[in-house]
Amino acid sequence: MLTGSKTSFKIKQLVPDFKDKTLNFSNTALRSRETSDFKCLPGERVLQRTQPVRKPRAGRGSSLTGALLCTTFRVAFVPEEGIAKMEDRDSVPVFLGEHDVALASIERVVAVSPSRWKVLSARSSLRFHPEELVLFCRDLQVLRFHFEKSSAESAEITSAIARVYQPSVPASLSSFQRSALGSVEVKQYLSNRGADPQMNWFEGLQDWERELARTGATAWRVSSVNDRFEMATSLPKFNVVPQRILDTELKRTFAHFTEGRIPRWCWHHPEGSDLLRAASFQSNIYHEKHDARNLEALLFGRHPQCVIVEVGEDMPPPSEIQAAHSRLQALCLGDIPASLSVSDEKWLSSLEASRWLDHVRSCLRRSAEVSCLLAEGDLAVVLQEAEDRDLNCVVSSLVQIMSDPHCRTLPGFQNLVQKEWVSAGFRFLHRNNYTRDRDKEESPVFLLFLDCVWQLLQQFPSHFEITEVFLLTLHDRAHLPLYSTFLFNCQRERGRNTQHLSQSYTPVNGWQELVNGGLAPGSGGPSFPPVWDWALHCTPERRDSFRNPSNTPLSPGTFSSPRQSSHPASPSLSLQLSDCSGSGPGLLLLFSKGSLGPAPHLLPWRNAGGAASGWKNHRRAPFRDGLPRLERALKGQPLGPRGPLLPLLLGPCLRVWRGCYLRGALQTQVPPPVSSHLHVDFLASEVEHLRGRLALAKGLDRHGNCKRAESRGTNRKPRQETTNHNFLFAGNRGTGCSPERRYTQTPTRGQKHPKLPP
């Protein structure tokens, strides 16, 4: 090839082994001997370091002593007791250690001295030597570091953090991502990682077919009519529609809904009902007769009646969710630096004024009502929202968690988020506002969903395999712009930015990335891993705490066998089904404000003139106000062995997620979050101790009495709930407001309450 030729050609480059990567530091970085106790990622540089530094332990009244480092990716704290373990670490690149915080998660940097404090920015000048460094994070964490020697080193590292943490504008966000994922070694490592066999990504045809087979939905099929995103850019390539609708007929229905988000199947109830979700109708479109038939087939499926649930009614819009979360954040973090902006006497009233728990209650209430509707059997329940991209994600996910035991397992919960949030087109990039340029669209809708799941976990701890530690880790990772799960608004954008980046070589420019997509086109953007690859950013000890050992998980394909659609759910429902059978449109109902009612004017094509006007005069089935089973459920009565988990929604029953919201300002008073099984083990030991004390008080032989009690307990078999498909602790059904209160009233499995002495 001639010198200076611009002709490029592809060459397979030999990538060096990940373990043999050598760190290249700039002039501002430290020497390699000074960072021998800290393992950097390829492409990450250490900018400043100081020691000794003390980091208080949350809820323990003690502190750790070690070294504080500022890199191009994170603020890292390396305790002295953990330095010896650094050489034994696995080669898997853990992005964040137990004591690290990413630069993109930092909200404010505060330097504190005995007489003054100052909030620092990239252009701030620090004219005193701080004794304490306080980092306020976006995930409501507050990290404090005490410098044992107030010197120039403490001022230098504080100023270095203030210079590099700057608010995430697109340029700084791209730099942050490249420092962690932009190196060739990390790209090669991520591309060679195998996929989790239990994970369903809902990106291919087989993924959706596997979900249909798991739930037993035989009347539905997977359509690939949107494989090029021509029908709806925010919908996935594959969507589940009724069997009897052809793709040629399906194409004509997209224009009748906002953004083309047609009614799509989400989940099949074992009683025969189906859950669907859709955007609002387009009323300014002419509806022809054959279009109306296809639209009715989409809504009703194979069912003779359909219930439309207006999700946005009596539920907060995203703007109110953002305002409530901002008030909650200000209340929990408080003022700088003492966190005393609200007095203790007014704290509860300020919490109520934030309305965050009111929004949690409204989401749980609407989800419980929809779960009761699905338990009626043989009807289609359609969740309808204006754009079908916010509250529909919350309600559809909570309904499946309440009704499907598989969604309460670790792989089932991950698959649920992947299906109802990632694949369904929730706008993670806009709602998380990583680039800080979409303040009007920012809203923590996904964090509201995690809070609702935490409330269910507190009221029904033995029904969940996932733990609070898992929810808290997912909450924190949602604030990091590193994972493909949270970086894009739909499957179309995610596919554009996660394609393989090939390389080309020219004699003039050398090696160049051939970018097919990325946040920074033309510069070789990084490939983002999914958040579900926990080994990349969680230690093995933390991953072990994701599962509740007292719960017996279901296999991925296990589900209750579906009943036939012809079973009589209730007398009134059977009457409705028999009367509305035959030709013509089915019975359309509207669920509003906790009650069912007819909705003759809800569908635009039934009210418009023209070719579709003949559908107005169809024969309707008689209607009775409310269904008996639904009324019993809303009054707190059980719906049978297949009934959903119905949470208690009274004021004392919904609590503040203390392990998440109060771990910052009150970290010295709040213990770290622990999973529910630790509470069970602790209470079991307390019960054994009290039994021994009671035996001694009666003058009996303590050891002999315990042995007889244990022999009686081992002969009993644990009670098995058909609703949840796992072994539960006897009597632990969630009848009280407080889970701690239920534990004190409930014996452990295979044991009985001791009789108190007279």
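Entry 1: I looked up an open sheet of six strands and found the order 11-12-14-13-17-18 with mixed pairing; strands (E, at least two residues) and helices (H or I, at least four) are DSSP runs numbered from the N terminus, and two strands pair if DSSP finds at least two bridges between them. The edges are strand 11 (264-268) and strand 18 (595-598), each pairing on one side only. I read that this is a predicted model, where local features need pLDDT of at least 70, side-chain atom pairs count only at 80 or more, and totals for chains, interfaces and linings use all residues. Residues are numbered from 1 along each chain as its sequence is written, and side-chain values use heavy atoms, with hydrogens and water left out.

**Entry 2: one pair.** Strand 13 (residues 305-310) and strand 14 (residues 380-385) pair in the parallel sense over five bridges. I picked V309 and found its bridge partner in strand 14, L383.

Entry 3: Contact means heavy atoms within 4.5 Å.

**Entry 4: P236.** Next I found P236 in the loop between strand 9 (220-223) and strand 10 (239-242). Is P236 buried or exposed? At 4% relative accessibility, P236 counts as buried (buried is under 20% relative accessible area, exposed over 50%, partly exposed in between, with a 1.4 Å probe and protein chains only). Leaving aside neighbours within four places in sequence, P236 is in contact with N226, F229, S423 and Q491. I liked this one: P236 and S423 are 187 residues apart in sequence, yet 5.9 Å apart in space, C-alpha to C-alpha.
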